[in-house]
Amino acid sequence: HFENEAMLNRLMVKKATQVIAVTDSSKFGRKCLHKIIGVEDLDMLITDRDAPDEVVDGARRLGIEIVVV
């Protein structure tokens, strides 16, 4: 929720060779104030079993590796 933190995260993504998001299912479908990257810029998404099917399927269609724990 802080722009300075979002800016730092954008810089880290820009420098990274691989971008992995780790989030639980409660975060899907919510909006936040500061966008870091689009989902299409992820290499891997790690989430839990309750993640919505449309999110998991959509990410797979974009070529994002999905790990469900």
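Predicted model: local features only at pLDDT ≥ 70, side-chain atom pairs only at ≥ 80, totals over all residues.
Leucine 8 comes out as partly exposed, because its relative accessible area is 48%, and the category covers values between buried (under 20%) and exposed (over 50%), with a 1.4 Å probe and protein chains only. This leucine 8 lies in helix 1; helices here are DSSP runs of H or I with at least four residues, strands are E runs of at least two, and both are numbered from the N terminus. Together with Leu11 and Met12, Leu8 makes a nonpolar surface patch of about 290 Å². To join such a patch, a residue needs over 30% relative accessible area and no salt bridge, with nonpolar side chains (Val, Leu, Ile, Met, Phe, Trp, Tyr) linked within 5 Å and like charges within 9 Å. The areas themselves come from the Shrake-Rupley method with a 1.4 Å probe, and for residues only the protein chains shown count as cover.

Residues are numbered from 1 along each chain as its sequence is written, and side-chain values use heavy atoms, with hydrogens and water left out.

As for the overall fold, the protein chain has two helices and three strands, arranged along the sequence as α-β-β-α-β. The C-alpha trace spans about 30 × 25 × 20 Å along its principal axes, and 23% of the 69 residues are buried.

On the charged side, the structure holds one salt bridge, meaning a side-chain nitrogen of Lys or Arg within 4 Å of a carboxyl oxygen of Asp or Glu. Arginine 10 and glutamate 3 form that contact, at 3.1 Å from N to O. Arginine 10 is partly exposed at 29% relative accessible area, and glutamate 3 also counts as partly exposed, at 31%.

A negative surface patch brings together Glu40, Asp41, Asp43 and Glu65; Asp and Glu count as negative, Lys and Arg as positive, and His and the chain ends are not counted. Each charge is placed at NZ of Lys, CZ of Arg, CG of Asp or CD of Glu. Aspartate 43 sits in the loop between strand 1 (20-22) and strand 2 (44-47).
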